[in-house]
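Visitor: Could you walk me through this one, with the cut-offs as we go?
Guide: Gladly; here it is.
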Amino acid sequence: MLKLYRHEGGRVTAYHEAWVDGETVVEHWGILGEQGSVRKHRLRTDLTQEENIQRVLSQATSQGFQPIDIDDHKILLIEYPVEGMGTVTDLERRHAMEERMRELMGWTGLGTCDGGSIGSGTMEVCCFVVDFETAKRCQPQPSHAAVIGA
């Protein structure tokens, strides 16, 4: 997978990405924080997967879309209170939230969910995002959860 972003006025405004899925290259693009559009392209067998992805993203690259290094992402941490070390049900909820955040961050171009932890009275889900404020507005936020930026 290759994720590219466009900057305007000092902010990330749009995303354009592609990945190989079986016999196709999936292209996904849109306004940052929105689900965007998807187009599938035939995988060329005479090219490597990386070359297929580059081929699909060549127009976006020519329009100024560029990758953002993971070190330049912000951390969005979603924290829930739990009793003590948490229960099996709490752990299942955390795993479900991780999967939901992975899907939400990916399909809105915001970043990725990196996993989570549980214990000592809290349960956390960690996401790396390219724009903290947009990601904070997009993420599901139950009333008992706190969103912490880093």
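This is a predicted model: local features need pLDDT of at least 70, side-chain atom pairs count only at pLDDT 80 or more; totals for chains, interfaces and linings use all residues.

Visitor: OK, what's the strand order in the open sheet of four strands?
Guide: The order is S1-S2-S3-S4, with antiparallel pairing; strands (E, at least two residues) and helices (H or I, at least four) are DSSP runs numbered from the N terminus, and two strands pair if DSSP finds at least two bridges between them.

Visitor: And which strands stand at the edges?
Guide: Strand S1 (2-8) and strand S4 (37-42) do, each with a single partner strand, so one side of each has no neighbour in the sheet. From one strand to the next the twist averages 15°, taken between axes fitted to C-alpha atoms (for helices over the stretch in contact), with angles from 0 to 180 degrees between N-to-C directions.

Visitor: How many bridges join S2 to S3?
Guide: Eight bridges join strand S2 (residues 11-21) to strand S3 (residues 24-31), and Tyr15 has Gly30 in S3 as its bridge partner.

Visitor: What packs on the sheet, then?
Guide: Helix H1 (residues 49-62) does, touching S1, S2, S3 and S4, with its direction at about 150° to that of S2; contact means heavy atoms within 4.5 Å. Helix H2 (residues 88-107) also packs there, touching S2, S3 and S4, at about 110° to the direction of S2.

Visitor: Switching topic: how many residues has the largest nonpolar core?
Guide: The largest core has 22 residues, and those with the most contacts inside it include Tyr5, Leu76 and Met101. Such a core is a set of buried Ala, Val, Leu, Ile, Met, Phe, Trp, Tyr and Cys residues joined through side-chain atoms within 4.5 Å, where buried means under 20% relative accessible area with a 1.4 Å probe, protein chains only. A second, separate core of eleven residues includes Ala18 and Leu57.

Visitor: And what volume has the largest pocket?
Guide: Its volume is about 150 Å³, the space filled by probe spheres set on grid points joined across faces, edges and corners. A pocket here is an open set on a 1 Å grid over the protein atoms alone, where a 1.4 Å probe fits, with protein on both sides within 12 Å along at least five of seven lines; lining residues have an atom within 4 Å of a point. Of the 13 lining residues, the closest to the centre are His16, Glu27, Trp29, Ala60 and Gln63.

Definitions and conventions. Residues are numbered from 1 along each chain as its sequence is written. Side-chain values use heavy atoms; hydrogens and water are left out. Buried means under 20% relative accessible area, exposed over 50%, partly exposed in between (1.4 Å probe, protein chains only).
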